[in-house]
Amino acid sequence: MGFLLGEQMTGGYGAADILHDCSIGVEKGEIAVIVGPNGAGKSTAMKAVFGMLPLRKGHVMFDGEDVTQLKPEERVVKGMGFVPQTHNVFTSMTVEENLEMGAFIRTDSINDSIAQVYDLFPILKEKRKQPAGELSGGQRQQVAVGRALMTHPKVLMLDEPTAGVSPIVMDELFDRIIEIARLDVAILMVEQNAKQALEIADKGYVLVQGQNRFTDTGESLLANPEVRRAFLGG
Amino acid sequence: MTDFFNALTLLGNFLIIPGLTYGSQLALGALGVTLVYGVLRFSNFGHGETMAFGAMVTILVTWGFQSLGLSIQPLPTALLAIPVGILATVILTLLIDRFVYRYHRERKANPVIFLIVSIGVMFFLGGLIRFIIGPGDQIFFDGTRFILKAREFKQMTGLNEGLSLKMTQAVTIITAVIIVAAMFWFLNHTRTGKSMRAYSDNENLALLSGINPDRVVLITWILVAALATIAGTLYGLDKSFKPFVYMQLLLPIFASAIVGGVGNPIGAIAGGYVIAFSELILTFAYKKVVLYLGPDNMELESLVQFLGTDYKIAVSFIILVIVLIIRPTGLFSGKTI
């Protein structure tokens, strides 16, 4: 039983399926990472879990409830947070307004949550009156993650959070993600930087052509010679 | 020195006050166009007729009030009737959205289809308006005509030239300032206003943040209807109400919105004044101004005019073309509200 579990998901956008019996899950306070070659269906698998891909088969369980039929925005209300890979901030709005919009579904006071995000990403406090579109790539990603955190999600899903940022910023982001997981949030992310991502992962999924190829702890996957040779460049 | 003040008065009376008035009317109109573009993502050609519809209802209610003896002297009774006009126009825009635009929105139709549909709406509304109030000129102005009369100004200052300020001009400018300030306050400081900006900025992310698109669309149409009614009524008060004039107004209004950067409210307002002043500056006859400022015995054959007033409408068109060639995103880059 997983806290969030997509089981035997099969589906695609058109006639052809992209995912074939693919299963992905994550527990509270854990980090699960989906890796694999280009076109393996990593992002698609995550979108399927979030309800952005019509499924022909399989189902998605979240916190003991079947959410397969729910729309993405309904899953947000249930406690799922999603950070898309691109276009993940409101560029014309200030950092603070971005966070406010993240908390749109909440009716209680959001000041504590904003303070919490600023604690996690101090640079955002400095830039809070600046339009998010004027920030650097790494700062934008922080805004994007911060926006998704504003609803206090029980699971946070990140689609390639480190795409296009420098290695230093990447390490920094991974550190923050570990901190978020310590708050008892389940984290599911897709990563291009497979090696670094598996290092912080409690669980790793290697997908190939929309199917589960290897599933193990991050550590064991890194130690597995077959995985190393085929997917981690030796 | 007197000559200098005479020249200044002349410019103030025929250029600055009319420019501010006309600019305010265009700015309010362009703000409506820009909101539709920013949130619903199409160019609403029906906006001119929406303005005419709002003005028409306001006129009918004004006549009703007048026959009941209701008035708010020295202000025009029409100001009292505007809320009813807004209400009727809100109902109209919501009905049109429900039965026309929503269908295309659900199918995620191409903006060009929306544009053509809006032209259909324009003709429909134009017909409806002529059917109800007729194609003729309607006068609905009452109250005090002038706040400052040219003759009084001359007596006060001893100048040859007079400066006059019509009640409609003052009402137009003051109303525009209040409405624009309220609009910006709403967009920048309220939750609903911010959600509109968020939706305009990034529709998918707004959805992921739990912003309800139907509500954003609803609020947008309410604001657009209110802006259109106010702009239409102010224009009708200042000039006169004639249905076909509102269709002609569409060009300077779109020019204003595009010059400022379509989708950008600050741009729409700036664009309104740019277009209004360009039209007036280029078609104004400077003969008397030059005579005042030139040497005493100077004589002038021509009117010292860049363009005849017949070409007034062409000015906004030329500016529109120039902006589209040189800076297609407008003075303030548009796209989101």
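Colleague: In S5(A), which residue is the bridge partner of Phe62(A)?
Modeller: In this predicted model, Phe62(A) has Glu65(A) in S5(A) as its bridge partner.

Colleague: How many bridges join S4(A) to S5(A), and in which sense do the strands run, parallel or antiparallel?
Modeller: Two bridges join S4(A) to strand S5, residues 65–66 of chain A, and the strands run antiparallel. S4(A) and S5(A) form a hairpin with two residues between them. In the turn, Asp63(A) has a positive phi of about 55°.

Colleague: To which sheet do these strands belong, and what is the strand order?
Modeller: They belong to an open sheet of four strands in chain A, in the order S2-S1-S4-S5, with antiparallel pairing. Its edge strands are S2 (19–26) and S5 of chain A, each of which pairs on one side only.

Colleague: What joins S1(A) to S4(A)?
Modeller: Six bridges join strand S1 (residues 4–11) to strand S4 (residues 55–62) in chain A, and the two run antiparallel. Within that pair, Glu7(A) has His59(A) in S4(A) as its bridge partner.

Colleague: And over how many bridges do S1(A) and S2(A) pair?
Modeller: S1(A) and S2(A) pair over five bridges, in the antiparallel sense. Here Met9(A) stands opposite Cys22(A) in S2(A).

Colleague: Which strands of this sheet does H1(A) touch?
Modeller: H1(A) packs on the sheet and touches S1, S2 and S4 of chain A. The direction of H1(A) makes about 70° with that of S2(A).

Colleague: Let us turn to the sheet that contains S6(A). What is its strand order?
Modeller: Six strands of chain A form an open sheet in the order S6-S7-S8-S3-S9-S10, and the pairing is mixed. The edge strands are S6 (80–83) and S10 (211–216) of chain A, each pairing on one side only. On average, neighbouring strands of this sheet are turned by 15° against each other, direction ignored.

Colleague: In which sense do S6(A) and S7(A) pair, parallel or antiparallel?
Modeller: S6(A) and strand S7 (residues 155–159) of chain A pair in the parallel sense over four bridges. Val83(A) has Leu158(A) in S7(A) as its bridge partner.

Colleague: Which strands does H1(A) touch in this sheet?
Modeller: Helix H1 (residues 42–50) of chain A packs on the sheet and touches S3 (31–35), S6, S7, S8 (186–190) and S9 (203–208) of chain A. The direction of H1(A) makes about 150° with that of S7(A). Helix H6 (residues 137–149) of chain A also packs on the sheet, touching S6 and S7 of chain A. The direction of H6(A) makes about 165° with that of S6(A).

Colleague: On to chain B. At roughly what angle do the axes of H2(B) and H10(B) cross?
Modeller: The axes of helix H2 (residues 47–68) and helix H10 (residues 243–260) of chain B cross at roughly 135° and come within 8 Å. That makes H2(B) oblique to H10(B). The crossing of these two helices, H2(B) and H10(B), is right-handed.

Colleague: Which residues in H2(B) and H10(B) meet?
Modeller: On the H2(B) side they are His47(B), Gly48(B), Glu49(B), Met51(B) and Ala52(B). They meet Pro243(B), Tyr246(B), Met247(B), Leu249(B), Leu250(B) and Ile253(B) in H10(B). The residues of this contact divide into eight nonpolar, two polar and one charged.

Colleague: Finally, how many residues of chain B are in contact with chain A?
Modeller: 14 residues of chain B are in contact with 17 residues of chain A. On the chain B side, H7(B) gives the most, with five residues. By class, that side has five nonpolar, six polar and three charged residues.

Definitions and conventions:
Residues numbered from 1 in each chain as written. Chains lettered and ligands numbered in written order. Predicted model: local features only at pLDDT ≥ 70, side-chain atom pairs only at ≥ 80, totals over all residues. Pairing = 2+ DSSP bridges. Axes fitted to C-alpha atoms, helices over the stretch in contact; angles between N-to-C directions. Contact = placed C-beta atoms within 7 Å. Parallel < 35°, antiparallel > 145°, perpendicular 65-115°, else oblique. Left-handed = near helix turned anticlockwise from the far one by under 90°. Nonpolar A, V, L, I, M, F, W, Y, C, P; charged D, E, K, R; others polar.
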